[in-house]
Amino acid sequence: MDAIEAITSRRSIRGFLPTPVPMETVRHLIEVAARAPSGSNIQPWHVHVLGPETRARLSAAVHERRAAQPGFECSQYKYYPVNWREPYIGRRRKIGWDLYSLCGIQKGDTEKMATQHGKNFDFFGAPVGLMLTVEADMELGSWIDCGIFVQTLMIAARGLGLHSCPQAAWAYHHDLVRQAIPLPDNEKVVCGVAIGHEDTDEPANRLRTEREPLERYTTFHA
Ligand SMILES: Cc1cc2nc3c(=O)[nH]c(=O)nc-3n(C[C@H](O)[C@H](O)[C@H](O)COP(=O)(O)O)c2cc1C
């Protein structure tokens, strides 16, 4: 697979087969992803590979909280703007409704929406669950570097025929993540990443997201 094909065939997968991914492959992917550039080569990312025991503990804790306190979230950073506006809110709504309609979820069916969202907390059934963190005193640049690392990891996964889903959902339960792994106090949870083989029978995986035409976000200056 060439680089362009690896990039364009990457999409967020929300249903994986239980087919295992060997630990050797996981290590290889992480080492490849660490070839990502970072400002002054400081490599500020931390990767936590969650084994079965840790995953079970973490998933149980998040599901338990969501059952007891629906809608409860806490995060150490704001992924999204506080005040949503166009064109962003429209794009956000579109992907939400496109996903829900593929899953047979009607507008207003909050229970089914919560169930679909809850799949995040099982890494959508992926055999590999990672958590990405950066140290608390690092600045915005390190978060950029971490994002580049995650994308490199996901493209590398495509190179091996694997699929992925980046998951900010975990960051909204960072306190439970930090207890379950456990994480040092000075590491902030950026996101999780699920990696594995696509379950092609999963309706959510039929989602194909659109992108804006180049002219909308590109300015060619003289
Ligand atoms: C940092 C990051 C966090 C994301 N978090 C989630 C998440 O928690 N759950 C989820 O289902 N998708 C998540 N996504 C996937 C986005 O919804 C997806 O990338 C976007 O809709 C474009 O679709 P595509 O990845 O299939 O191209 C996240 C994407 C990024 C880049």
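**Close-up views of a predicted model**

View A. By class, six nonpolar, four polar and two charged residues make up the shell around the ligand. The model shown here is predicted. The shell includes Arg11, Ser12 and Arg14. Ile95 and Asn120 also belong to the ligand's surroundings. So does the run Cys165, Pro166, Gln167, Ala168 and Ala169. Cys191 and Thr209 complete the list. Which strand gives the most to this shell? Strand β3, residues 163-167, does, with three residues.

**View B. Helices α2 and α6 cross.** Helix α2 covers residues 23-33, and helix α6 covers residues 140-159. Their axes come within 8 Å. The crossing angle is roughly 130°. The two helices are therefore oblique to each other. The crossing of α2 past α6 is right-handed. On the α2 side, the contact is made by Leu29, Val32 and Ala33. On the α6 side, Phe149, Thr152, Leu153, Ala156 and Ala157 take part. Seven nonpolar residues and one polar residue form this contact of α2 with α6, with no charged residues. In an α-helix, residues three or four places apart point the same way, because there are 3.6 residues a turn.

View C. Helix α4 has 15 residues, 88-102. Gly104 follows α4. The phi of Gly104 is positive, near 75°.

**View D. A cis peptide bond between Glu86 and Pro87.** The bond joining Glu86 and Pro87 is cis, with omega about 5°. Pro87 sits in the loop between α3 (52-68) and α4.

**View E. A cis peptide bond between Ile181 and Pro182.** Ile181 and Pro182 are joined by a cis peptide bond, and omega is about -15°. The loop between α7 (174-180) and β4 (187-196) holds Pro182.

**View F. Gln43 has a positive phi.** Gln43 is not a glycine, yet its phi is positive, about 50°. Where does Gln43 lie? Gln43 is in the loop between α2 and β1 (46-49).

Notes
Residues are numbered from 1 along each chain as its sequence is written. This is a predicted model: local features need pLDDT of at least 70, side-chain atom pairs count only at pLDDT 80 or more; totals for chains, interfaces and linings use all residues. Axes are lines fitted to C-alpha atoms, for helices over the stretch in contact, and angles run from 0 to 180 degrees between N-to-C directions. Helices (H or I, at least four residues) and strands (E, at least two) are DSSP runs, numbered from the N terminus. Angles under 35 degrees count as roughly parallel, over 145 as roughly antiparallel, 65 to 115 as roughly perpendicular and the rest as oblique. A crossing is left-handed if the near helix is turned anticlockwise from the far one by less than a right angle, and right-handed if clockwise. Two residues are in contact if their C-beta atoms, placed from the backbone, lie within 7 Å. Ala, Val, Leu, Ile, Met, Phe, Trp, Tyr, Cys and Pro count as nonpolar, Asp, Glu, Lys and Arg as charged, and the others, Gly among them, as polar. A residue is near a molecule or strand if its C-beta atom, placed from the backbone, lies within 6 Å of it. The expected span of a helix is 1.5 Å times one less than its number of residues.
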